[in-house]
Amino acid sequence: MDEFKLPRPELKPENTHNALYPGTFDPITNGHLDIIRRGLCLFDKITIIVAVNVSKNPLFNLEERCELIQECFKDFNGRVAVDYTSGLIVDYAVQHNITAVIRGLRAISDFDYEFQLALMNRRLAPSVETVFLMTGFEWIYISSSGIKNAARFQGNVSGLVPEHVEAALKRKFS
């Protein structure tokens with residue numbers, strides 16, 4: 001059984017307080033913002049990684065999603081960065097000396113998928129830890145796809161996404 005033991009990651013003082021928060025963010029929601037704001041209580045800096053997922057057909061292109069996210073954090077004094085990758089999140093983390101990946105959980109149904117993903121990530125990059133944060137109660141029922149669906153049919157999504165994201169959704173569906 002010793003051959004299955006993974007080495008303990010070496011903690012490097014210069015990067016122990018930085019994390020990634022990956023997702024497609026199509027679009028970013030107040031639930032995402034809740035996770036990021038609470039993550040900033042745990043980490044000095046969070047890099048939001050917009051994942052390029054070839055199996056999804058996003059409403060907003062990669063550049064638009066990055067811009068919508070950047071607008072949310074323009075006043076956070078450099079504590080939030082935005083980047084993208086089409087590769088593995090843990091590869092990005094290792095390449096940038098980041099040791100934690102934040103994942104948000106809304107319901108028990110999220111846990112099974114996220115747990116499997118965390119275990120695979122640990123296998124691929126033992127130096128990268130996954131940190132699960134529960135979504136705040138007021139955001140537990142929202143998802144980017146639910147918001148897009150409501151906006152598509154002129155449903156009121158105010159209060160579920162930042163105002164500039166609501167405006168962008170209205171432009172897309174007008």
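The dialogue below treats a helix pair and then a pocket.

Modeller: This is a predicted model, in which local features need pLDDT of at least 70 and side-chain atom pairs count only at pLDDT 80 or more, while totals for chains, interfaces and linings use all residues. Residues are numbered from 1 along each chain as its sequence is written, and side-chain values use heavy atoms, with hydrogens and water left out.

Biologist: How are two packed helices described?

Modeller: Two packed helices are described by the angle between their axes and the distance between the axes. Axes are lines fitted to C-alpha atoms, for helices over the stretch in contact, and angles run from 0 to 180 degrees between N-to-C directions. Here the axes of helix 2 and helix 6 (residues 163–172) come within 10 Å and cross at roughly 155°. Helix 2 is therefore roughly antiparallel to helix 6 (angles over 145 degrees). Helices are DSSP runs of H or I with at least four residues, numbered from the N terminus.

Biologist: Which residues make the contact?

Modeller: Contact means heavy atoms within 4.5 Å. Helix 2 contributes Glu64, Leu68, Glu71 and Cys72, and helix 6 contributes His164, Val165, Ala168 and Lys172.

Biologist: What does the largest pocket hold?

Modeller: A pocket is an open set of points on a 1 Å grid over the protein atoms alone, where a 1.4 Å probe fits, with protein on both sides within 12 Å along at least five of seven lines; lining residues have an atom within 4 Å of a point. The largest pocket holds about 1,200 Å³ of space, a volume being the space filled by probe spheres set on the points. Its lining has 42 residues, with Pro22, Gly23, Thr24, Lys56 and Arg103 nearest the centre. Helix 4 gives the largest share of that lining, seven residues.

Methods. Helices (H or I, at least four residues) and strands (E, at least two) are DSSP runs, numbered from the N terminus. Angles under 35 degrees count as roughly parallel, over 145 as roughly antiparallel, 65 to 115 as roughly perpendicular and the rest as oblique.
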